[in-house]
Amino acid sequence: MPASAARPRLNISKISVGLRNYWGYNTIGFLAPEAKYSSSGDHGQQVIEFKSMVRNLHAAGLEVILDVVYNHTAEGNHLGPTLSFRGVDNPAYYRLLPEDLRFYKDFTGTGNTFNLLHPRTLQLVMDSLRYWINDMKVDGFRFDLASTLARDMNGVNKLHAFFETIHQDPVISQVKLIAEPWDVGEGGYQVGNFPVLWAEWNGKYRDEVRRFWKGDEGHVGEVAYRLTGSPDLYQTTGRRPYASINFVTAHDGFTLNDLVSYNDKHNEANGENNHDGDNNNNSWNCGVEGPTDDPEINKLRERQRRNFLATLFLSQGVPMLCAGDEWARTQHGNNNAYCQDNEISWLNWEHKHKGLFDFTKKLIELRRDHPVFRRPKFFQGRRIRGSEIKDVMWFNPGGNEMSDEEWGASFVRCLGVMLSGDTMDVSNFEGEPIRDDTFLLLLNAHHEPIPFVLPGQEHIEWLLLLDTAADEGFLKEPRKLASGDEVEVIGRATCLLKLEAGAHAEACKESWKKRKVAWPKIEKKAGKTSSTPEKEAVKKG
């Protein structure tokens, strides 16, 4: 959330029922921390306290990424209050409609758009960024509605002065720059289009992973891109996998628990008759809307939460976990809780879902300990120079490499991906190649169990470490398996295996016991290919 000084802005009807703008996305002071967050006073003490916070986080090994809002201010549209910029120089600080200068261009959905086409306004933003870096010692920024910042008269422009000024600045260009790559204006969705030096909230990752685990057809190819750092978005522009900030949930939207518990938003508490918030959530309630006593549905929801978390932390790129998801925090179906300064939004540190919390910790430890899950280079999908091993391989349940027909088949909802730790063309600071274990990730978003034939030549041994069908997720006693064995991945589950014995070159091959997969019959209608699998019931009781 933003830390800059802001002014809450809500209509009287909301204030009268105890609601207020809780998130702080109405900035009015770009060079001052918000006083209400301070526990020691608001006459300069908030500055001292913020610096102390950053210093202590750094001492704990944590970087500080600041959420900044330069796309609009708290002054709203032409009916809003005059607090600062409007009274100083309205046309310099805001984008106005040329046909009637009383009114504001609104690419943000807040009533106004800050005018970064004016040199003094752009200078203010740069001065603010340098202040937070030099004085407050933050390590980077997440730019709210960043597409707005790059708009000129013709739309979003990758050569905008905003980018050029940041890229040539010796201070700002050296910190982490993360874009929320969209706004509400025409052509505002810019995922994959920001320049070098920039990382992005990968909205396509969120949407495709949600659709895949919901069981939607025809998403296996898209999910493969997202698992490997989204090379279709970032590789051709000279960026690396860490340009992709992967996330399943964020502050604006469902929590992870609500993502698997609600089909529809429930924002009645916001006082707008449930008209606010996004209707396109790609969520699935697993059979009942909201809380239930049905043990089977609750068990499926727990497994789905583990599936999302495992996918997030085992994907290339940078994982972003929304606070509270690690213990199944709920907002009771509210996907736009910006005005809820109460139990709906608060984090209750005393009510942890210990099983999910421990599972998340172990996932983070696994990712930390194994560089194969956080490569600084994209996979090539072929044999690497000086090696007979492919750095990544894709398998169907029969132990065969995926065919073009299978990639394009709408009914395919399962996938195996092998990440080779012996082909990493990456060196450490001493110039030595980084080596790691080889892992096999099996994903089954189908509602029925699917047996996977383990790849590799004879005498290869695998170790099953993780199975989201298990209550703990990680197995207390990892299970040894051999290449050619079948591993049954139950409906809507994830398994992770590690190469335990045998040569990498022999493991990174199709199974010596590979078999033909009996896929559903494909029907062709009106020139299109569609499948006819049995549909899963959505409602119970």
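1. The second largest pocket is lined by 40 residues, and those that lie nearest its centre are W23, L145, E180, D252 and N336. Please keep in mind when reading this list that the model is a predicted one.

2. As for its size, the second largest pocket has a computed volume of about 1,200 Å³.

3. Which helix gives the largest share of the lining of the second largest pocket? That share comes from helix α7, which spans residues 203–214 and contributes six residues to the lining.

4. Sorted by class, the lining of the second largest pocket holds 15 polar and 14 charged residues, together with eleven nonpolar ones.

5. N282 sits in the loop between α10 (256–259) and α11 (295–313). Is N282 buried or exposed? N282 counts as buried because its relative accessibility is 13%, and the cut-off for buried is under 20%.

6. A positive phi is also found at H332, a residue other than glycine, where the angle is near 60 degrees. H332 is placed in the loop that runs between β10 (318–320) and α12 (354–369). With a relative accessibility of 49%, H332 counts as partly exposed, because the term exposed is kept for values over 50% and buried for those under 20%.

Definitions and conventions: Residues numbered from 1 in each chain as written. Predicted model: local features only at pLDDT ≥ 70, side-chain atom pairs only at ≥ 80, totals over all residues. Heavy atoms only, no water. 1 Å grid on protein atoms, 1.4 Å probe; cavity = no way out; pocket = protein on both sides within 12 Å on 5 of 7 lines; lining within 4 Å. Points joined across faces, edges and corners; volume = space filled by probe spheres on them. Helix = DSSP H or I, 4+ residues; strand = E, 2+ residues; numbered from the N terminus. Nonpolar A, V, L, I, M, F, W, Y, C, P; charged D, E, K, R; others polar. Buried < 20%, exposed > 50% of the residue type's maximum accessible area, 1.4 Å probe, protein only.
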